[in-house]
Amino acid sequence: MTTTAPEAGRSPTGERPRRPGRRPLTLRRRESRAGLALVAPTLLVVVAVIGIPIVWTVVLAFQRVRLATLRRTGLFGELTLDNVDRVLHTPGFADTLWTTVLYSAGGTVGSILVGLVAALVVRRPFRGRTVVRASMLLPYVAPVVAMTFVWQVMLDPQLGFVNDWGRRFLGWDEPVPFLSQESTALWTVIAFEAWRYFPFAFLFLLARLQAVPGELEEAARVDGATPTQRFRYILLPQLMPVIALIGVLRFIMTFNKFDDVYLLTGGSAGTEVVSVRVYQFLTARTDIGAAAAQAVVLAVVLIVFVAIYLRFFGGRREGA
Amino acid sequence: MDRDRIETVSLRWLRRLVIAAFLVVTLLPFWYMLVLSVRPIERLLLDPGSLLVPFGELTVATYAEVLKSVEDGGQGFLAFIRNSGIVALAATALTLVIAIPGAYAVSRLRFFGRRQVSALFLAVYLFPSIVIAIPLFVVFTRAGLRGSLVGLVLVYISQTLPVSVYMLKNYFETIPVSLEESAAIDGAGRLGIIRRVSLPLAAPSVMAVALYDFMIAWNEFLFALLFLVDRPNRWTVSLGLSLLADGVEVPKTVLMAGSVILTLPIVILFLASERLLTEGLTSGAEKG
C-alpha cells in the first residue's frame, strides 16, 4: 500500500534524496507508520464517540427498542421497518419537518443578509472599528443558554422591556407573548437565529471583502460606477462563492440545531423542529427506536438537500 | 457625477446609522442582562421598561443568592462553576494532546488514508448531534458513565476534535519544512521535531484552538442536559441556569446574575484574544 509514490513528499524526512535499492521504501513505510500512529488517537475518539454511534443509530432505527427493553435487544436483533413507518405516519411529523425547513432557511438567509450588511459597513477603517467588530462577534461566542434566557425575559409580557416600550411608545393594546403564540413564535426564533449567527457570516465575508483587490473598484470608479453599482457588479460577484459556502454550512448547522429552539420555546407554539422532537421521544417516551428513526429521517433529508444544492450550485461555481 | 455624489453622501450617513444600529442591537441584550442582575425583583415588576438602574436600587444580593450553596438558601452556582471549569479545562487539555499529533500527521506525513481523514471529519458534521446522542445515552447508561463528568468530557473532546485538527493542520502547513529538516538532520526524532520545532512556532494557533475548545465546552448544553439532568450536584452552569429558568420559584433577577456569571468568563476570554481567534478560524477563507 505504500509502495507507490503518489506525490512529491512534504515531510522533512521524506525529501531526502533517494538512493537506489530498498532504503527509500523503508523510509516511506516508516513515515506511513508514524503518520498512522500520530493520527490514531484522533481517529479512535472520532470513530468511537461519533462514528459508531451514527451507525448504531441507523441500526436502532430499524429495531423495536425501548429503554426498558434495551438489555434484551442485541446490536443485530430483529430488524423491522416498524419505526420508520410509525414515525412517518405519526400526526405532526410532516409539520415538524416543514417547520425545520422554514426555520433553517429563515435562519440561514437572515444571518447571511445581516452579516453581509455588517461586513460592508465595517469594511473600511474608522475610529473605534476594532471595538465595533469585537462587539459584533459577541452574540456568536456568548453561551446559548444565557442568550436565550435574556431574550425570553426581554420579550416577556410582564417583565420584559420590549412589551413595556411597545405599549408606551408604539401604542400596543396588549402585551405580545412573542414566544408562546403561534403567529409570532417561529418568526421570533428565526430572528434570534439571525441575531446570534450573523457574526459567522460577517467574519467570513469581511475576510473575503478585504482580499478584493483595490484596483478593481478603483477602475470601476474611474469608469463612472456609483457605489451601489460597484457593489452590484464588482463586490457581489466576488463574494458569491463565499456566500454559497456559508449558505450550506449555516443551513446544515441550523437544520441540526437543538439548543436554540428547545431553550426559547421548548418546541411549543408551532416551533417544534425535528431535533427537539427526537429529544422528546428519547426522554419523555423513552421510545429509542422511534427517536432513532426520526434522527435518521432528519439526516437523510439533510443529505438530500445538500446533495441537491451541490448539484446546482457546486457545478456552476466550478464552471464560472 | 450627480448620482455618484448623492449615493456617496447618503451612503456615508447611512453607514454611520447602520453601525450605530448594529452596536445597539448586539450589545443591548448584554447590557439588559447586566442591569437586571443588579435590580431587586419587586422594582423590576413595577418598572419593567427601565434600561438603567434607577438611583438607589442597585443591589448585589442577587449575586450572593445565586452563588450560595443550596443548603445556605442559595442556588449553588459556585458548585456549577466548579463543574463547568473542570469539564472545560479537562476537555481542552485532552483535545490538544490528541489533536496536535493528529494535525501534524495530516499536514506533514504521507500515510494510507490521509485524504480520507479530512473527508471523514466533514461527513461527521453532516449528522445532527442528537443522532449520536441516542447511542451515547444508551451506552453511557449501561457503562455507568451517565451522570458523570468523565462521560461529558469524552463527548466534548469528540465534538471539538475535528475543528481543532483542521485549524492546527492549516497552521502547521505554513511552517517551512526546511526548519524541521534541519532538526531532523541534527538527529531529532519525529516527536522531538513536533515538540521542539513545530509546537513553539505554532504557539499562537495552539492558543486559539485552546480558547475555541474551552468556549465550546463551557457553553455546551444538549449533552449536559442528556447526561446530568438528574444529578444536581454535577450540573454545569449552562444546565443549572436553564433548568432553574424553567421553574417559577427563582426570581428572574437572580437568574440574570447567574447568566452574567455564565457569560462573563467567555466574554473576557474572547475580548482578550479576539484577533487570535478570528484569524485562526477564517484563515484560508480569503482565498475564496
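How many helices and strands are there in chain A? Chain A has 12 helices and zero strands. The model shown here is predicted.

**View 1. Chain A is built from helices, with zero strands.** Follow the chain from the N terminus. The elements run α-α-α-α-α-α-α-α-α-α-α-α. Chain A holds 320 residues, and 42% of them are buried. Now consider contacts in chain A between residues at least 6 apart in sequence. Of these contacts, 67% join residues at least 24 apart.

**View 2. Helix α6 of chain A has buried residues that pack against helices of both chains.** This helix spans residues 161-169. Phe161(A), Val162(A) and Asn163(A) are its buried residues. Their packing partner within chain A is α5, residues 144-154. Their partner in chain B is α1, residues 2-37. Look just past the end of α6(A) to find Gly171(A). The phi angle of Gly171(A) is positive, at about 70 degrees.

**View 3. Helix α3 of chain A crosses α1 of chain B.** Two packed helices are described by the angle between their axes and the distance between the axes. Here α3(A) covers residues 93-121. Its axis and that of α1(B) come within 10 Å. They cross at roughly 125 degrees.

**View 4. Side by side, α3(A) and α1(B) meet through named residues.** From α3(A) come Val117(A), Ala118(A) and Val121(A). From α1(B) come Arg15(B), Val18(B), Ile19(B) and Phe22(B). What kinds of residue make up this contact of α3(A) with α1(B)? Six are nonpolar, one is charged and none is polar.

**View 5. Chain B is divided into two parts, domain 1 and domain 2.** Domain 1 of chain B runs over 2-59, and domain 2 of chain B over 77-287. Their C-alpha centres lie 33 Å apart. The two domains are in contact, with eight residues from domain 1 of chain B and seven residues from domain 2 of chain B. On the domain 1 side, α1 and α2 (41-46) of chain B each supply at least two residues. Which helix gives the largest share of that side? The answer is α1(B), with four residues. By type, the domain 1 side divides into six nonpolar, one polar and one charged.

Definitions and conventions: Residues are numbered from 1 along each chain as its sequence is written. Chains are lettered from A and ligands numbered from 1 in the order in which they are written. This is a predicted model: local features need pLDDT of at least 70, side-chain atom pairs count only at pLDDT 80 or more; totals for chains, interfaces and linings use all residues. A residue is buried if 20 or more other C-beta atoms lie within 10 Å of its own, exposed if 12 or fewer, and partly exposed in between; C-beta atoms are placed from the backbone. Axes are lines fitted to C-alpha atoms, for helices over the stretch in contact, and angles run from 0 to 180 degrees between N-to-C directions. Ala, Val, Leu, Ile, Met, Phe, Trp, Tyr, Cys and Pro count as nonpolar, Asp, Glu, Lys and Arg as charged, and the others, Gly among them, as polar. Domain bounds come from an automatic or database domain assignment.
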